[in-house]
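Subject: Structure handover

Hello,

The structure is below, and my notes follow it. Please read them with the structure open.

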Amino acid sequence: MRPAPSVILLTTLIGVGQGLFAALYTAQVFDRIGLIQGPTSPVFYPLGCAIALAFLAVGLGASFFHLGRPERAWRAAAMWRTSWLSREVIVLPAFMSCVFLYGMGHYLGWPQHRIVPGVDATLVIGALGIVLCALLFLCTGMIYACLKFLQEWHTPLTVINYLLFGSASGLMLATAYAAIVEPGVVRFFAAWAVGFTLAALVGRGASLVRNARLKPRSTLQTAIGVKHPRIVQSSQGFMGGSFNTREFFHDMSSAWMRSVKWMFLLAVFPIPLALLAAGLLGGVPALLAVAFLVQYAGLLAERWFFFAQANHPQNLYYQRIS
Amino acid sequence: MTQLALVIDLNVCVGCHACVTSCKEWNTSGAAGYLSDDNPYGKDPTGTFFNRVQTFEVGEYPNTQTVHFPKSCLHCEDPPCVPVCPTGASYKRKEDGIVLVDYDKCIGCKYCAWACPYGVREIDEHQHVMTKCTLCVDRVYDQTLPESERKPACVMACPTNARLFGDIHDPESGVSKAIQDNGGYQLMPEWGTHPANHYLPRHKQEIKVREEDLERVDNPLKVDGRLPKPALKSPSLDDVTSW
Amino acid sequence: MNRQTTFPKGEQPGAPPLEEIKTTTCYMCACRCGIRVHLRDGEIRYIDGNPDHPLNQGVICAKGSSGIMKQYSPARLTKPLMRKPGSARGDNEFVEISWEEAFRILEERLARIRSTDPKKFALFTGRDQMQALTGLFARQFGTPNYAAHGGFCSVNMAAGMIYTIGGSFWEFGGPDLERAKLFVMIGTAEDHHSNPLKMAISKFKREGGRFVSINPIRTGYSAIADEWVPIRPGTDGALLLAIIHELLELGLYDRDFLVRYTNAGQLVRLDEKSDQYGLLARDPDADEVNPQYPQNQVWWDRHTNRPVATHTEGADPYLFGSFTLPDGTPVKPSLQLLEERVKRYTPEWAERLTGVSAATIRRLAHEMGVTARDQKVELPIPWTDSWGKEHESVTGNPVAFHAMRGLAAHSNGFHTIRALSILMTLLGTIDRPGGFRHRAPFPRAIPPSAKPPSGPHAVKPNTPLGSLALGWPASPDDLFVDENGGPVRIDKGFSWEYPLSVHGLMHNVITNTWRGDPYRLDTLMIFMANMAWNSTMHTMEVRRMLNDRDESGEYKIPFLVVCDAFQSEMTAFADLLLPDTTYLERHDVMSLLDRPISEFDGPTDAVRVPVFPPKGECKPFQEVLVELASRLKLPAFVRADGSRKFRDYPDFIVNYETEPGSGIGFLAGWRGKGGEKFMLGEPNPRQWEMYAKNNCVFHHQLPLSYQYMRNWNRGYMEWAQRTRIRRFSEPVLIQIYSEVLQRFRLAAQGKWGTRRPPERLRTRIATHFDPLPFYQEPLEAQLTDTNKYPLNAVTQRPMAMYHSWDSQNAWLRQIHAHNYLHVNPRTAKAAGVGDGDWIWVESQWGKVRCMARLSEAVEPGTVWTWNAIGKAPGAWNLAPDANESQRGFLLNHLITEELPGPEATVSNSDPITGQAGWYDVRVRIYKAAADEPHETWPRVQPVAPIPGVEGVRKVWQAFVAGRRIGK
């Protein structure tokens with residue numbers, strides 16, 4: 001597939017937003033049940049939500065660039081019964097509303113008003129938000145994972161990795177954010193960030209290993225229905241390219257693919273973890289921000305690779321011109 | 001339930017591209033139009049086509065087959081492009097099984113194209129919507145056309161009649177019989193999409209000439225004395241056997 | 001598309017669009033299918049095949065379906081242009097002039113030439129379909145320097161077969177696939193008779209017929225053959241002769257057919273000393289019936305063992321043997337001589353040349369022979385033969401053949417095609433069901449009776465030629481030579497160099513006039529031929545010649561008039577450029593006087609009627625000719641008082657008669673005052689209207705008893721004579737042994753009247769004018785170190801492009817935007833070439849840089865590419881960086897129009913017919929250096945759009961029923 005920048009931005013940015021929200025809510029829950037000493041800054045939750053919303057909004061905005069007819073985007077909610085994309089289109093704004101309400105609630109001081117003992121409105125909204133957040137990961141992942149003939153994507157690992165990457169990057173951002181606004185929860189977030197980053201490493205590692213061993217189910221033989229060991233396309237039927245040659249081929253060398261793979265493996269996992277450690281141990285909060293930025297950049301590469309590596313069976317039909 | 005489809009006979013397709021441009025011609029001014037062309041007179045001209053003819057070489061010299069292979073939307077019975085569409089623009093008609101795109105609903109997200117293993121959907125870069133073969137739905141029900149012409153433009157055009165059109169669910173239809181009689185098959189059966197369009201395979205006609213066919217009583221060489229009987233005096237088995 | 005909408009939405013809401021259908025005839029290639037142009041509010045909605053047309057029965061090809069994009073091509077010329085004063089030819093600088101000005105210039109110039117030396121004006125035309133008119137114009141003008149493109153197309157196919165069986169493929173006849181069981185296609189180019197052939201092959205295969213394709217390359221029709229027999233180019237003759245060898249050896253021939261319908265049993269005089277040597281023995285006491293086609297040949301009767309007049313009731317000739325006539329003349333039957341000839345042409349011998357195994361050759365021969373013999377077709381159609389014998393049925397041997405340029409475009413092609421015709425004859429398949437069938441006006445006499453002028457005296461100031469410029473020589477007496485045996489035509493047609501050049505030699509016109517050999521022209525008019533690019537050999541050299549000047553600074557070709565509808569590579573060289581119309585903007589006729597679209601079952605002609613008015617100032621070339629002819633007062637175009645006879649071309653078509661009162665005109669349908677007659681009849685003022693009402697086609701179905709065996713069918717012959725299709729009604733006996741060729745050989749041996757070939761050509765004539773087919777390597781191969789240039793390079797014609805014509809077509813050029821050299825992987829490996837590599841292809845005469853494409857569907861000794869995809873930058877109004885000029889290439893750069901001869905150069909053509917030897921070139925390939933630019937070579941200067949041609953190229957466009965969207 002040819003990776004589309006809009007989709008790369010969409011999936012990575014909303015992942016950060018989702019992860020950041022999840023981090024905020026986790027902190028609140030842990031605080032509420034007394035496992036950590038919660039944030040004290042009044043801006044911590046509202047500002048954090050604003051940042052998460054900003055990521056979500058920019059991601060959503062980027063997605064419009066993917067559309068031929070963005071003015072009709074609203075129609076995309078119609079087919080939620082069958083289409084994961086449609087579901088995403090519903091869940092994303094719902095989730096964003098929750099994040100907004102959650103942040104607003106904190107801003108308006110709802111946590112001070114318990115509905116039942118120990119439970120305030122933000123905790124309920126946040127819980128709903130977490131459910132929507134998880135659903136959003138599911139939708140985003142399933143958009144790709146449900147396409148059965150894109151064998152690289154057609155695995156639960158796709159959903160898992162979307163969740164792990166989004167959470168890791170959101171937690172990484174949360175760590176950097178906390179370092180500025182609420183240093184008390186830095187280590188809490190850092191621990192989660194490390195955990196999710198390592199989990200993501202396992203998840204992505206697993207999908208890389210899996211994909212390297214995939215055997216394409218479609219071949220030229222099944223594509224044209226001729227049973228002969230040697231079939232070569234001599235003409236795809238047109239010479240100047242078409243949608244099918246532009247959308248589904250990345251036109252990059254395998255060497256480039258290898259370097260992108262190593263680049264993202266380094267940028268998403270060891271480097272941010274090292275920067276995180278250095279930041280925490282060395283007491284240099286700026287390094288935490290760098291850790292997030294490096295990991296995010298790595299995620300852009302990871303997402304590019306995710307799309308590029310997917311080998312669409314339609315490509316069998318578009319091999320040569322003459 | 002009706003399922004309209006094309007049956008493409010690879011045994012007679014000569015790869016002339018008549019179906020490619022007749023399709024473009026009909027549809028650019030039809031209900032599925034327009035079909036734009038970029039760089040029409042410049043470098044790497046490219047445009048929207050619903051149908052392409054490809055060529056494959058099978059085998060090695062001298063046992064090479066050249067296979068011309070027309071390909072357009074296969075109107076799958078279980079079309080993977082339909083459920084993924086977020087707006088419902090991509091749909092399969094209940095009444096005849098044609099898979100269509102409602103241009104008024106399409107947002108151009110290309111997801112349906114991703115969901116199609118056959119590479120038969122093309123986004124029109126200037127209409128910004130997904131386009132595809134409509135089986136000339138604006139011909140096949142057009143009561144103003146004579147009945148014999150209520151067929152897709154490609155079928156009308158095809159000089160070798162390699163494109164058959166009809167209802168594959170009707171066992172009595174020409175297309176159903178063609179599939180049954182000639183071993184019609186579907187593309188990429190591994191994905192369970194059940195394409196409605198079928199392909200008829202190549203088959204080879206041979207003539208068997210037996211040794212005895214080459215010698216006959218009525219051989220004209222005899223008339224001109226070119227296959228003479230042996231002379232009476234020439235040696236024979238009779239001369240050397242005594243019992 | 002809206003879910004509810006199943007019909008096209010009207011472009012304007014409210015009033016429904018006005019739908020209208022006009023019929024006419026396609027001209028996206030030379031196939032000439034009937035089309036329907038569907039209009040919406042007066043603009044083209046679409047074009048489809050006309051289901052009521054006998055030729056295509058509703059189908060249409062890729063080109064025909066893209067007619068819209070030709071109509072709206074940005075390369076269209078729309079204004080008459082004059083080379084800008086002071087600019088050099090080829091600079092592509094023009095000024096607009098009016099038609100009146102253009103006609104004035106032409107009239108003045110041509111009148112001067114006509115009143116001094118008419119042959120200084122030459123008219124050569126490309127893929128036109130109006131040779132009856134262009135030929136008439138030339139004849140009336142008085143210049144013999146006229147021909148169409150047949151000389152570099154497939155004249156060998158026409159001549160080789162017409163001199164043997166009185167008909168040929170394509171318009172002239174074809175395989176009867178409806179009844180054939182075995183179909184053998186040899187070296188066919190896919191643009192010929194394309195839709196009818198595609199329809200027929202498909203039907204044939206579906207009905208269980210077996211299709212064998214003999215071709216170095218497996219594309220197009222060959223793709224669906226049941227067996228592909230790859231063969232080395234130029235060796236088809238060897239294969240066919242070996243098959244003949246095998247058939248004769250096994251007796252797998254149709255003896256009855258040979259006896260009665262061919263000259264197989266006719267006795268040939270073998271008295272070496274006599275000047276009758278090698279001619280057919282004749283009975284001087286018998287009536288020769290027709291001196292031009294004498295009927296008093298002799299058989300040796302088997303029953304009485306003595307010579308008898310052929311076709312004597314009760315007689316049966318020996319086909320083999322050696323006899324002595326009562327006067328002591330040794331004689332042998334023709335077939336005996338053929339058998340002696342092919343004795344050495346064994347399958348093993350052919351295997352070495354063709355690359356086809358002897359076993360395959362034998363098997364093919366057996367399949368042909370046994371199928372022909374054992375699967376006879378019998379139709380209950382009674383008929384009477386030319387000798388009065390009544391037959392209860394028509395029978396046929398169901399083996400059909402088709403061949404075209406692959407056999408023709410070799411310098412040994414004439415004899416290859418003679419061999420094919422003889423093979424078809426031995427199998428007994430001529431004009432019989434399941435075999436080969438003629439299309440009216442064929443069969444014609446062997447040779448047809450029209451003759452070229454016979455000497456320089458035929459060309460006189462202000463006088464029409466006494467005959468057509470082109471004809472069919474029957475003996476050296478019919479050659480068009482001066483007293484020294486030198487050529488009179490500019491292309492040396494009908495001279496001793498190419499005696500049977502029945503279609504002229506367009507490929508040598510520019511070279512000859514440039515060199516002044518035999519002389520220089522004053523004005524050369526080229527219609528619709530891209531002589532500066534793909535319709536020429538040695539393209540770069542020819543471009544130089546077009547621009548070359550003599551010592552006085554005058555162009556060696558002083559005045560060049562080009563008429564075309566599009567800005568091609570040729571238009572840049574014009575001094576005067578005349579904008580032609582497209583096929584949708586003109587009247588045209590597909591006339592029986594020319595190359596009609598007849599069906600097997602009877603004569604058919606067709607017309608085009610304009611759907612649109614001409615764009616800009618475009619004018620159909622026919623109108624230009626009628627106007628010029630009227631202004632020049634050419635006799636056929638003016639009344640006795642010198643006043644203009646025809647208002648315009650449509651008026652000319654209706655009212656012109658070959659001779660006053662002859663009743664023969666360009667169109668055979670709806671003649672007579674009220675349209676009640678056909679074939680013959682008075683002019684009908686409403687003839688166009690009647691054609692337009694009848695799908696633009698006239699099709700006369702012959703009675704069944706006239707549809708077969710027409711060479712010898714008394715009923716048909718009499719009908720054809722009555723309708724003036726034929727002058728004579730004598731049977732057209734198949735010439736296995738060609739007496740015509742022997743006459744030329746006799747001349748070379750000093751035994752033919754007073755006409756002798758010049759000394760330097762004697763051996764050439766004596767060798768090639770062999771009355772029986774023989775095999776020799778193509779001329780170029782004989783002059784080539786084949787170790788250095790081991791590969792044959794040929795072109796194939798893509799079915800979605802017609803010559804150079806469709807690169808301007810936005811839809812078709814997406815299918816073929818540039819071309820590759822297709823190479824067998826083994827050959828490529830040996831040359832160190834990989835798929836997609838930039839390579840050099842080099843012949844003795846030139847080289848090109850291009851890209852390689854590996855293919856298993858090509859014989860390893862052959863490389864090939866699609867024809868005429870490569871373009872000069874900017875030509876056809878393509879962007880200068882368009883694929884066609886950057887990555888497209890022409891093979892023409894590698895091909896020479898002349899070969900070195902012992903004394904002077906000779907055309908790289910068949911020595912008999914002058915057929916251009918396109919497919920003879922030998923090449924080698926090697927990888928281009930890594931630092932070489934990734935573009936094809938040679939390169940020419942880009943040309944810019946000229947006045948009248950759209951200056952701005954669209955970034956994108958779309959077409960909706962006449963509305964053109966885009967920017």
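The second largest pocket has 47 lining residues, and those nearest its centre are Gln57(C), Glu178(C), Met199(C), Ala200(C) and Lys203(C). Its volume is about 1,200 Å³. A pocket here is an open set of points on a 1 Å grid over the protein atoms alone, with protein on both sides within 12 Å along at least five of seven lines; a cavity is a set where a 1.4 Å probe fits but cannot get out; lining residues have an atom within 4 Å of a point. Grid points are joined across faces, edges and corners, and a volume is the space filled by probe spheres set on the points. Helix α5(C) gives the largest share of this pocket's lining, eight residues.

This is a predicted model: local features need pLDDT of at least 70, side-chain atom pairs count only at pLDDT 80 or more, and totals for chains, interfaces and linings use all residues. Residues are numbered from 1 along each chain as its sequence is written, chains are lettered from A and ligands numbered from 1 in the order in which they are written, and side-chain values use heavy atoms, with hydrogens and water left out.

The largest cavity holds about 300 Å³ of space. Of its 26 lining residues, Ser235(A), Thr55(B), His68(B), Thr219(C) and Trp866(C) are closest to the centre. Elements giving two or more residues to that lining include β3 of chain A and β4 of chain B. Helices (H or I, at least four residues) and strands (E, at least two) are DSSP runs, numbered from the N terminus.

Those two strands also pair, in the antiparallel sense and over four bridges; pairing requires at least two DSSP bridges. Within the pair, Ile231(A) is opposite Val58(B). Four of the five residues of β3(A) are buried, so the strand is largely enclosed by the rest of the structure. Buried means under 20% relative accessible area, exposed over 50%, and partly exposed in between (1.4 Å probe, protein chains only).

No disulfides (cysteine sulfur atoms within 2.5 Å) turn up in any chain. The sulfur of Cys98(A) has its closest cysteine sulfur in Cys49(A), 10 Å away and too far for a bond. Cys98(A) is buried at 6% relative accessible area. For Cys73(B), the closest cysteine sulfur is that of Cys133(B), at 5.7 Å, again too far for a bond. Cys73(B) is buried as well, at 6%.

Regards
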